[in-house]
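User: Hi, could you walk me through this structure with a few questions and answers? I'm new to this, so please keep it simple.

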Amino acid sequence: MSVFNEQGALHGLQNLDSQSIGAIYDQYFSEVHRYVRYRVDDDALAEDIASDVFVRLLEASQKRQGPQTNLRGWLIATASHAVNDHLRRRYRRPTEALTEFVPDGAPGVTAEVDLREQNRAVQSAYARLTAEQQDVLALRFGQGYSLEETALTMKRKVNAVKALQFRALAALQRLIGEVNDD
Amino acid sequence: MTDLYDILETCLNEIEQGADVDTVLFRYPEFADELRPILETSAQLKAKAVPAPSAEVVRRNRAKVLQHASEMRERKAAPLRRRIWSPQLRSALAALMVVFLFLLSGTGLVRASSTTLPGDDLYPVKRSWESVQLFFTFNADARETLELEHENERLEEVTELFAMGRTADVDFSGYVTRQTGDEWLVSGIPVLLSSQTRLPDGPVRVGDAVRVRGQARDGGVAALRIDLLSSNPDLPEIENGNDSAAEQPENSNEQVEQESGSGSDNDAPPLLLTVVPTPTAKPQKVTLEGVVTSLQDKLIVVNGVVMDIKTAEVKGTPAVGAVAKAEGSFDASGIFIVTKIEFKSVAATVTPGSGGTNDNTVNTNDDSNNDDNSNTNNNTNDDGGGSGKNGNDSNGNSGGGG
């Protein structure tokens, strides 16, 4: 399998060359899709947003706003914006996600919840985090990026990311606790 | 508080290496209570299952993205063809373009564009500047020289693209110096033919001038289209055989099959693309013209073609930058053996960024003749003292192309 030639592909992208565009897609679609799916928890939506990221790449390249280097970073950052845009639009309407959090006043669930419940709890809690908190967690734990890679993608300093991941995890933990609380 | 963030990061890394939460927290007893729930949450996050996209989803979206790209390409190409320019609009725009480029010529932009290649942002500026130069070159000889220089520049751009390993769409003209099946050499540049290549109706032979359009990549140009610019007038008549080649002293081994079948065994196909060594056939005499780019004893390079002037009758002084008109024929290795050559030195070569067109051979201010095409009477004078004129350049452009 040949090594992905980023510089060559970026030049081909500028000319809207199919071969280059196909190569970029093949190289990065899974990764972008994984990031988006991690954040939005909906197959159809994730697919839409993920492909939209590549369309944005095409448009940006023709307006000379595309990436010159670090294509992966650009794609994930764009995916992040695309997800954030979607979430902003969604939350203008009342959503079901919030209703899951209304404590029903029933006697508390014990510490032993079954795994599916727990996953749902994590997902619901995650959805309640700020976009930035979601982003850092998706990059660090969903994509498995290192601290440095995460900082590069988010265009933040490493120390800022350290603080952010702590606070995001703490917030998430608290929110999960709220779902499971007695 | 900073310590806590660092410690968290350290713990996360260790857990990633395989350590378990308790072991890790053992090292930080004072933070254990605070960190434990956080580390557990991180474990839950990592455990979160993310379904990968199915093959169908991947395929479907790939097609979608490529479709979008194809639509964008069409949008890019189409408007230029469909736009209807009124003559007034064209000339007004041309005038504006000319003024703009003269203003720019003092800045670094034109100079900066002079080394750009197809695919670069500033490449259109370079091409527009070349058109402007042509537009303001009144004298026919100087204009011809300039055109040859531009042709040569196209060749150098392609070579540079190869050297850099870049892929780009290219459009250049040159002489066919060799044809080996699907791989030709056009002014030294490898041109690869495929089923996608559109060829002219008639035969293309070594020595013909062609225009190649295609994509430069991996050291060759994948040709999408090859047009015959003009069949070389010095080529012998096909029906009579090679009478005009009789004066050739050289004996070339590499021949293109002749329709008259001189020396060839098989039925000559109408497209003479394959090279068949036929020692009995005489070499074809051709005339080539271009700018000398390199000079080494008895070998010179003219618009990408290597020429041997050892046995040539020389007129004028060989010099880099001079225009050369050479008669001769191609030998087996694709080198052009010259019988007669004439060098015309150029007084002032015009290069982008030199502050304006400076054509020393002519300096006229002529508004009276204005034939056929849609150019306006435009007399802009730049500080170099160039002339305003109404040119009829060969493409009917008003110097605003790019």
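User: Is Arg64(A) buried or exposed, or partly exposed?
Analyst: Quick background: this is a predicted model, where local features need pLDDT of at least 70, side-chain atom pairs count only at pLDDT 80 or more, and totals for chains, interfaces and linings use all residues. Residues are numbered from 1 along each chain as its sequence is written, chains are lettered from A and ligands numbered from 1 in the order in which they are written, and side-chain values use heavy atoms, leaving out hydrogens and water. Buried means under 20% relative accessible area and exposed over 50%, with partly exposed in between (1.4 Å probe, protein chains only). Arg64(A) has a relative accessible area of 45%, so the label is partly exposed.

User: Where is Arg64(A) found?
Analyst: Helices here are DSSP runs of H or I with at least four residues, strands are E runs of at least two, and both are numbered from the N terminus. Phi of Arg64(A) is near 60°, a positive value in a residue that isn't glycine. Most residues other than glycine have a negative phi. Arg64(A) sits in the loop between helix 3 and helix 4 (71-90) of chain A.

User: And Asp297(B), buried or exposed?
Analyst: Asp297(B) also isn't a glycine, and has a positive phi of about 60°. Its place is the loop between strand 6 (286-296) and strand 7 (299-302) of chain B. With a relative accessible area of 72%, Asp297(B) is exposed.

User: How many residues of chain B are in contact with chain A?
Analyst: Contact means heavy atoms within 4.5 Å. On one side there are 45 residues of chain A, and the residues of chain B that they touch number 42.

User: How much area do chain A and chain B bury between them?
Analyst: Buried area is the accessible area (1.4 Å probe) that two parts lose on being put together, summed over both. Of this area, 60% is on carbon and sulfur atoms. The total for chain A and chain B is about 4,200 Å².

User: Which residues in chain A lose the most area to chain B?
Analyst: Three residues together make up 15% of what that side buries. They are Tyr25(A), Phe141(A) and Phe166(A).

User: Which residue of chain B does Arg140(A) form a salt bridge with?
Analyst: A salt bridge is a side-chain nitrogen of Lys or Arg within 4 Å of a carboxyl oxygen of Asp or Glu. The rule finds five across this interface. For Arg140(A), the closest N and O atoms are 2.6 Å apart, and the partner is Glu9(B).
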